[in-house]
Amino acid sequence: MIQTSKAIRRRVLCIIFAAMATPVWADQNQGDAAVGQELFSHHCAVCHGIEGTGAGPMAPVMLVQPADLTELAAGNGGVLPVARIAARIDGRDPLVSHGSTMPVYGDFFEGEDVSFKTQSGQPMITSRPIADLIAYLDSLQGI
């Protein structure tokens, strides 16, 4: 079957539009920092403090002090360790603190899965709320 130039052009345009509609990793790597700040205030600030410096009201009674989340990138060669952060939040990388693991919010932060680009460039899947938290933590770096 011989295709006309009009049919070929239509196919090429369909392929181009389909490619444009396919999300790019960098575009998907954007969480909503404002939503992340709200989640942080409700679930993380009691230990990590409102500013994320590790000086929350529960910090004095913890055996392992909460991390200063404003220095995550600085402690990782200037790059935010997004895979490690996601794994700590969802429980894949538990942290022992005050005799038990850091609260695992993976179940609480379930939701729409999104692709996220790690510092090595590899894609990972996480939930939208965790992506939002990571976007907020990224906004705290170097403060």
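**Exercise 1.** How many helices and strands does the protein chain have?

*Solution.* The structure is a predicted model, in which local features need pLDDT of at least 70, side-chain atom pairs count only at pLDDT 80 or more, and totals for chains, interfaces and linings use all residues. Residues are numbered from 1 along each chain as its sequence is written, and side-chain values use heavy atoms, with hydrogens and water left out. Helices (H or I, at least four residues) and strands (E, at least two) are DSSP runs, numbered from the N terminus. The protein chain has six helices and four strands. Read from the N terminus, their order is α-α-α-α-α-β-β-β-β-α.

**Exercise 2.** Determine which residues have the most contacts inside the largest nonpolar core, and which element supplies its largest share.

*Solution.* Begin with the terms. A residue is buried under 20% relative accessible area, exposed over 50%, and partly exposed in between (1.4 Å probe, protein chains only). A nonpolar core is a set of buried Ala, Val, Leu, Ile, Met, Phe, Trp, Tyr and Cys residues joined through side-chain atoms within 4.5 Å. The largest such core has 22 residues, and those with the most contacts inside it are Phe-40, Ile-85, Leu-133, Ile-134 and Leu-137. At least two residues of this core come from each of α3 (33–43), α5, β3 (113–117) and α6 (128–140). Helix α6 supplies the largest share, seven residues. In soluble globular proteins, nonpolar side chains tend to be buried together.

**Exercise 3.** Is Ser-127 buried or exposed, and which residues does Ser-127 touch?

*Solution.* First, locate Ser-127 in strand β4 (residues 123–127). Next, compare its accessibility with the cut-off: Ser-127 counts as buried because its relative accessibility is 7%. Finally, list its contacts (heavy atoms within 4.5 Å). Leaving aside residues up to four places away in sequence, Ser-127 touches Phe-109, Glu-110, Gly-111, Glu-112, Asp-113 and Val-114.
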